[in-house]
Amino acid sequence: MQQEEKNLMVSGLFENYFLDYASYVILERAVPLLLDGLKPVQRRILHSMYEMDDGRFHKVANIIGQTMQYHPHGDAAIGEALVNLGQKELLIETQGNWGDIRTGDSAAAPRYIEARLSKFALEVVFNPKVTEWQASYDGRKKEPLALPVKFPLLLAQGVEGIAVGLSTKILPHNFCELIEASIDVLQGKPTQILPDFITGGMIDVTNYNGGKRGGKIRFRSNIEVSNKNTLVITSIPYGTTTTSVIDSIIKANDKGNIKIKKVTDNTAQHVEIVVELPAGVSPDVTLDGLYAFSECEVSISPSACLIINNKPYFLSVDEILELSTKNTVAFLKAELELQLAELKEKLLFSSLEKIFIEKRIYRKIEECETWEAVIETIDTGLKPYKKLFYREITTDDILRLTEIKIKRISRFDSFKADELIRSLEEQISKTEFHLANLIDYSIEYFRKLLEKYGKGRGRKTIIKTFDNIEVQTVAVANQKLYVNRKEGFVGYGLKKDEFVCDCSDMDDVIVFLADGKYKISKVSDKAFFGKEIIHLDVWRKNNERMIYHAVYRDAASGINYAKRFNVTAITRDREYDVTKGSKGSRILYFSANPNGETEIIGVFLTQGCKAKLKTFDYNFADLAIKGRDSQGNIATKYPIRKIVRKSLGASTLGGRKIWYDETVGRLNTDNRGRYLGEFDTNDKILVIFKDGSYEITNFELTNRYDNDKILKLEAFDPEAVVSCVYLDGKTKSHFVKRFLIETATEGKTFSFISPEPGSKLLFVSTDPEPVIEYEFKKGDDKKAAVETLQVQLSSFIEVKGWKALGNKLDAKNKVLSLREITPPEPKEEESSEEKISVGSHIEWTGDALKIDETGQMELFG
């Protein structure tokens, strides 16, 4: 019995102690409080720094020592939390080597670095008069239960913590956007705040889900294609370092997922990681590979958990913002009420002092013999005026009057006293007005914060929608696929057997057998698929252009079927059948056609069959492309001796339909974005950039385009004339030129406007007859009226070389602006007005034209 009682007691202790420990970790260490957005260690650090504050920097070692009066967990935890706060560059001003979150370099020892509270922290975080206090862990000191933070600090700084049974991860948000969103909350407008990181980069917040559990964001580095052999990484994802990113790139290269020659870290003031590529490696494919296989892209899963009334809650960031804004309003109200009470007390005593001196009540106490008589005499003297005050006059008020020195009484200035009372009344009136209009006061408070501290705190992280990178598409072919047809094995480890093709270790392989069975499996070192392999290749999911042709004999009926089919989606390692499934069925002919090409085959029947024609041609173009489960069409009912290919025809699929998705700057075949057209094998894409250059590219889906730099992207037509208007940086004149694309070198840009600094492309078109309208002022007269003129560029200038300078748009007048217009519909009848043709520059009807020697025209008369 005693043993059982002891066991029960220990069990109960364990349960209670564990719950106490879990509660302590959640409430006192890992999870921030809603009221001020701080963990206990952060709150204690800031409180200690406020107590020490004298405007000068303090050694971090000294700050840690002061904080240990309130925080029972040692100097290491305090020092780490202090450095973390300092690196956020909001509440603490730092001096010395505080480390670098980009490179992962740690801060110097606490005795070598210094810190002080920022002006923002002193204004926003502290007010001892409205702070609720509690005893410190040893009872010797008082520490704040929560600091009166009048700002959504938790969302600005972000936080991460792991407790017992739960964790929290709130991402940092933009300072200015938070203030603007707080104003929206007060105005009753909906809000949607999104993360912003000091490291910069790009984020996709499609699945952010308001920062709730289950959401995620994708974070990418900014990677620039410096040239065909060099990529430059100019930012890194939040939570990574330049060292970890470089290590991940080297690891991806060692695994064969990407091919690089060299990685160099040139990070100084800004992140710069240079990735050099071997000759012949595509920078666009490598860029995708960096996102797919290295820390150049990471996913972050937020989980916004915080403490409200001593309980953990999971909220969205917009809900946190709303509660934080309401707390700010409550703190502002408390400060105003405190200020109003202090002003009323000042006014009361100033009025009492004025009455006490001006009414010479102090003289009446000269004859009093006891202290009680003095108090009673003053009280009697004040009695006629008591109804003027907002509260009763107490003994303490009278005692304060007795403490007024004779020197002050003798120098009392009634005018200054009246000015002071008037000033206090105005301040009281103003404070009461703010309390009556608390929301407007709070909005103005936030606007002043934005004006005072918002400079230089713009958004650093670009919000974009990312494309989904298919790992198999961008993985470098780092393996060679082999087959042993006799034994039925396939893999990259069979180096002594028949070579099939290059592949990556992430690819899938499709294998067809002579009995019609086929299967798709992950590429491996060595795998058994079955004997009598007739075809194998790397398989791409959803590839609708890979068309298989098969002729097979159905064992049950003896009939020979022909079929065209594709295999776009299957279950990996599951066995499928080309035939109807009858035991003994055989594949008589099989071919794989990567672009849906047709073919004509010669069919030779057995000599003993009853067919009149023992040989005939069969054209697969007559067959429709169907799914993998279709049985096909009857080719012949007679037994076949052999089949041979006679000719390979054109694709029956037509050109490949390509769209351009401007949001991600990628080509696709999924009907996303702007339709570019159908592309055959040798077709190209023309890209015209805003800087006045063009580039010819292929239509590979791995191509990347920076849409912010692109003015025009379309299918390339070698016969299309490019018309443009540009501003010459040297002469400040507007030039018109028309030219054909004469350089079709892929991957190289060619500038077709003036190379002078300040030159700018203003208009470009590949339409046959583009028309522009421009505004101008005649001569140098500033008061001259603004006039407009329409110009058909195809008539204004003839087609010249792409390096030509072009003709001036207007040699005499100052061009103010120009725009493209839709040309008017042609008239059915010829105008009766006289028509004047001026060389190849322009056609004009009606009014007279004045032509100068450069071919420019001016209307007159």
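## Notebook: sheet, cores and selected residues

I started with an open sheet of four strands, ordered β14-β9-β8-β17, with mixed pairing. Its edge strands are β14 (297–300) and β17 (462–463), each pairing on one side only. My criterion for pairing is at least two DSSP bridges between two strands. Helices (H or I, at least four residues) and strands (E, at least two) are DSSP runs, numbered from the N terminus. Inside the sheet, β8 (residues 202–204) and β9 (residues 217–220) run antiparallel over three bridges. I looked up isoleucine 203 and found its bridge partner in β9 to be phenylalanine 219.

**Ground rules**

The model is predicted, so I took local features only at pLDDT of at least 70 and side-chain atom pairs only at pLDDT 80 or more, while totals for chains, interfaces and linings use all residues. Residues count from 1 along each chain as its sequence is written, and side-chain values use heavy atoms, with hydrogens and water left out.

**Confidence**

I checked pLDDT next, the predictor's confidence in each residue from 0 to 100. The chain averages 85, and 91% of the residues score at least 70. Two stretches stay under 50. One is residues 1–6, with zero contacts beyond four places in sequence. The other is residues 830–861, for which the model has 61 such contacts. Contact here means heavy atoms within 4.5 Å. Where pLDDT is low, the predicted coordinates should not be read in detail.

**Whole chain**

I counted secondary structure: 18 helices and 51 strands. The radius of gyration is 41 Å, well over the 29 Å that the globule rule gives for 861 residues, so the chain is more spread out than a compact globule. That radius is taken over C-alpha atoms, and the rule is 2.2 Å times the number of residues to the power 0.38. The C-alpha trace spans about 150 × 120 × 50 Å along its principal axes. Of the 861 residues, 45% count as buried. Buried means under 20% relative accessible area, exposed over 50%, partly exposed in between (1.4 Å probe, protein chains only). Among contacts with a separation of 6 or more, 65% join residues 24 or more positions apart.

**Cores**

I then looked for nonpolar cores: sets of buried Ala, Val, Leu, Ile, Met, Phe, Trp, Tyr and Cys residues joined through side-chain atoms within 4.5 Å. The largest has 70 residues, and Leu91, Phe120, Phe151, Ile320 and Leu449 have the most contacts inside it. Helix α7 (residues 175–186) gives the largest share of this core, seven residues. Apart from it lies another core, of 22 residues, including Ile233, Ile260, Val281 and Leu287.

At its N-terminal end I found serine 282 as the cap, a side-chain oxygen lying 3.4 Å from the backbone nitrogen of aspartate 284. Serine 248 belongs to helix α8 (residues 242–254). Beyond four places in sequence, serine 248 contacts Phe293, Ser294 and Glu295. Serine 248 is buried, at 12% relative accessible area.

**Hairpin β6–β7**

I found β6 (residues 159–162) and β7 paired antiparallel over four bridges. Valine 159 has isoleucine 170 as its bridge partner in β7. Four residues separate the strands of this hairpin, and glycine 165 takes a positive phi near 90 degrees there. Strand β7 (residues 167–170) has Thr168 and Ile170 on a covered face, Ser167 and Lys169 on an uncovered one. In a regular strand the side chains alternate between the two faces of the sheet.

Aspartate 577 sits in β27 (residues 575–577). Aspartate 577 is buried, at 18%. Its side chain makes polar contacts with the side chains of lysine 517 (3.1 Å) and threonine 579 (2.8 Å). A polar contact is a pair of N or O atoms within 3.5 Å; within protein, one must be able to donate a hydrogen and the other to accept it, and residues adjacent in sequence count only if both atoms are side-chain atoms.

Glutamate 114, in β3 (residues 114–117), is buried at 19%. Its side chain meets that of glutamine 95 in a polar contact of 2.6 Å.
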